[in-house]
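Here is a short report for a reader new to this structure. Look at the metal site and then at the contact between the chains.

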Amino acid sequence: MADNRIYEPFQDGPQPPYLTKHYGRTARMAPEGLLAASPRTPTELAGPKWQNGPDAEKSLVHGAKGLALGQLIRVVVRVLDEDARPQRGALVEIWQANAAGKYQHPVDQRDAPLDENFRSWGRGLTDDQGEVDFLTIRPGAYPVPSSGGWWRPPHIHISAYGDSISSRLVSQIYFPGDPLNPLDGILQSIPDVQARERLMLKHDPSAGIAELALGYRFDLVLRGRAATPLEG
Amino acid sequence: MTRLTPTPSQTLGPFFAHGLLRPNDGNLAGPDAMGERIVLRGILRDHEGAGVRDALIELWQADAKGRYPGRDADADPAVNGFGRTMTGADGSFEFATVMPGAAAGTGNKRQAPHFLIGVFAAGLSRRVTTRIYAPDAGALADDEVFGELPPATRERIVAKASGAGRLEFEINLGGARATPAFSD
Ligand SMILES: [Fe+2]
C-alpha cells in the first residue's frame with residue numbers, strides 16, 4: 001500500500017502547457033474548467049496492476065514473411081520514479097509509424113506503403129531493474145495533413161502505468177540530432193530545453209544486437225516519490 | 001539523494017488504437033462481479049461543443065464495497081477497477097462496469113461513490129482528469145473532494161441516471177458548461 005506517496009502537480013515549463021501556440025490544435029481542446037491540483041485520496045494513490053504477456057509482444061519486426069523493413073533498433077526503456085528507484089511491473093506500451101512514416105490506422109490516408117511484416121505496437125512489463133526492451137525499426141517522418149508543411153520527426157509513442165493512477169504518463173520519444181526536431185510543434189510545446197532533451201533516445205551500442213539492430217536506451221521518469229526522503 | 005524530474009508528457013495523437021486498445025478493455029466487471037451492473041456512458045466535447053473523436057478515455061474505480069484492486073487485499077477479484085476505451089465519431093464512449101461503493105478517503109472519512117476519468121487526445125498536451133460521481137445526494141454532501149469544488153459547477157460532474165442501470169455524463173473541455181477538471 002502506497003498511501004504516503006507524494007505526487008506533485010505538473011508544472012508548465014518542464015511539461016507542455018495545455019494551451020500552446022506551437023500546437024494549434026490545443027486552442028479548442030485546452031481544458032477551461034481547470035481547477036487547482038488534483039486531490040490525493042486513496043482513489044488517486046491506487047492504480048491498476050498488470051499481467052505479463054508473451055515475449056513476442058515486445059518485437060514489432062517479426063512478421064509472418066520475415067523481418068520488417070527499415071533500420072532495426074532495440075530500445076531498452078528503464079522506468080524510474082522521482083527518487084530514481086526502478087519501477088518493477090510497470091506496463092509500457094509503444095506505437096509508431098513504419099519505416100515509410102505510415103501508420104497502420106484508417107485515419108492515416110496518406111499514399112505511403114504499409115509493411116506487412118511490421119506490427120505497429122509493442123507491449124511489455126518492466127523487470128526487477130525497471131527495464132523492458134522492444135525490437136522495432138526507426139520510424140519514418142510523416143507530414144501532418146493541412147498543416148502548411150509540418151512534418152513530424154521520427155518518434156515513438158509511449159504509454160506507461162507506474163505505481164498508481166497518479167503516475168500515469170503518455171509521451172513521445174525522439175531521435176537526437178534529427179533536423180525536424182527543432183521544427184516540431186509538439187516537441188517544441190515543451191518550454192524548457194532540458195526537458196525536451198529528456199525525450200531524446202540515447203544511442204548505446206551495448207543495448208544493440210550484433211549485426212542485427214542498433215541499440216538505444218531511454219529513461220522514463222514517472223511522477224511519484226517517497227514521502228520521507230530516502231537515505232543516501 | 002537523487003531527485004529526478006518527471007519525463008515530459010506529449011499528446012496521444014490520433015493513431016493509438018492498435019497500440020492501446022483490445023476488444024474487452026471497456027468492460028471492468030467479470031461474470032462473478034458483486035454489485036449492481038451498470039453502463040456508464042459519456043460524451044467528450046471540445047470548446048465549440050463538437051464531439052471529439054478518437055480520444056482515449058480511462059476509467060478507475062473501486063469495487064461495489066469501495067475497495068481498490070491492488071490497494072485493498074480483499075477487493076473483489078472479478079472487478080478490474082481499470083478500463084479504457086476510445087470515443088466514436090460523435091465523441092461518445094461507454095463502459096460496462098459495476099456501481100462503485102464508498103471508498104476510503106483521507107483519514108477515516110469515506111468518499112461518495114465516484115469514478116476517476118482520464119482523458120487523452122490529439123490537441124491535449126497532458127492528461128485531463130476529472131471525477132464523475134454517482135447521483136447520491138446524501139453521500140455527496142459529505143464528500144471531501146466534492147465539497148471543495150466551486151458550488152456553481154460541481155453538479156456538472158454528477159452523472160445522471162438514464163434508465164435502469166444506466167448513468168450518463170458529459171465532459172466539456174470548454175464553453176459555458178466546462179467540466180471541472182484536475183490538471184495533471
Ligand atoms: Fe505519431
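## Iron site and chain contact

The iron ion has the protein donors A:Tyr103 (OH), A:Tyr142 (OH), A:His155 (NE2) and A:His157 (NE2), lying 2.0 to 2.2 Å from it. Donors are N, O and S atoms within 2.8 Å of the metal (3.2 Å for Na, K and Ca); water is not among the atoms, so sites may look incomplete. Along the chain, the donors of the iron ion follow the spacing Y-x38-Y-x12-H-x1-H. A:Tyr103 lies in the loop between β5 (91-95) and β6 (121-125) of chain A, and A:Tyr142 in strand β8 (residues 142-143) of chain A, so the pair ties together parts that are 39 residues apart in sequence. Strands (E, at least two residues) and helices (H or I, at least four) are DSSP runs, numbered from the N terminus. Both A:Tyr103 and A:Tyr142 are buried (under 20% relative accessible area, 1.4 Å probe, protein chains only).

This is a predicted model: local features need pLDDT of at least 70, side-chain atom pairs count only at pLDDT 80 or more, and totals for chains, interfaces and linings use all residues. Residues are numbered from 1 along each chain as its sequence is written.

| Item | Value |
|---|---|
| Residues from chain B | 65 residues |
| Residues from chain A | 81 residues |

Across this interface of chain B and chain A the rule finds eight salt bridges (a side-chain nitrogen of Lys or Arg within 4 Å of a carboxyl oxygen of Asp or Glu). B:Glu58 forms a salt bridge with A:Arg168, with the closest N and O atoms 2.8 Å apart. The largest share of the side of chain B that touches chain A comes from α1(B), with four residues.

Conventions: Chains lettered and ligands numbered in written order. Heavy atoms only, no water. Buried < 20%, exposed > 50% of the residue type's maximum accessible area, 1.4 Å probe, protein only. Contact = heavy atoms within 4.5 Å.
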